[in-house]
Amino acid sequence: MLDDIKKGLLAGLGMVFLTKDKIEETARKMVDEARMSKEDARRLTDELLETGEKQWSRIEENITETVHKGLRNLDVGSRKELDELKSRVQNLEERVSLLEAAKDPIEG
């Protein structure tokens, strides 16, 4: 019976979008209606929360991979590459400033 309830909740509400409060509320209602014991309700709640966390992690991984793949396809540089270029430009600006400062006394 517990598996049937779990399947029904997963199918009907979409596990990813079930909040902890909604899961606990549903389990509490089922206990109040004597459709399951408190122990079964606690186990169901724990299982649903664990399943939801796993599903959410998989969604996050898929989104991250999709974004990275999209950026690679767009040939956009990474944050690390951008930081390296900023550092190189800053170093070049400093060298140019030193060369200009050294040149000014001779011309001036």
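Helices α2 and α3

User: How do helix α2 and helix α3 pack, and at what angle?
Analyst: Helix α2 (residues 20-32) packs with helix α3 (residues 38-74) at an angle of about 160°, and their axes are 9 Å apart; axes are lines fitted to C-alpha atoms, for helices over the stretch in contact, and angles run from 0 to 180 degrees between N-to-C directions. Helices here are DSSP runs (H or I, at least four residues), numbered from the N terminus. This is a predicted model, in which local features need pLDDT of at least 70, side-chain atom pairs count only at pLDDT 80 or more, and totals for chains, interfaces and linings use all residues. Residues are numbered from 1 along each chain as its sequence is written, and side-chain values use heavy atoms, with hydrogens and water left out.

User: Which residues make the contact?
Analyst: On α2 they are K20, I23, E24, A27 and V31, and on α3 they are K38, A41, T45, L48 and L49, where contact means heavy atoms within 4.5 Å.

User: Which residues of α3 are buried?
Analyst: The buried residues of α3 are A41, L44, T45, L48 and G52, buried meaning under 20% relative accessible area with a 1.4 Å probe, protein chains only.

User: And what comes just after α3?
Analyst: Just after α3 comes D75, which takes a positive phi of about 60°.

User: Changing topic, how many helices and strands does the protein chain have?
Analyst: The protein chain has four helices and zero strands, a strand being a DSSP run (E) of at least two residues. Of its 108 residues, 14% count as buried.

How values were computed: Buried < 20%, exposed > 50% of the residue type's maximum accessible area, 1.4 Å probe, protein only.
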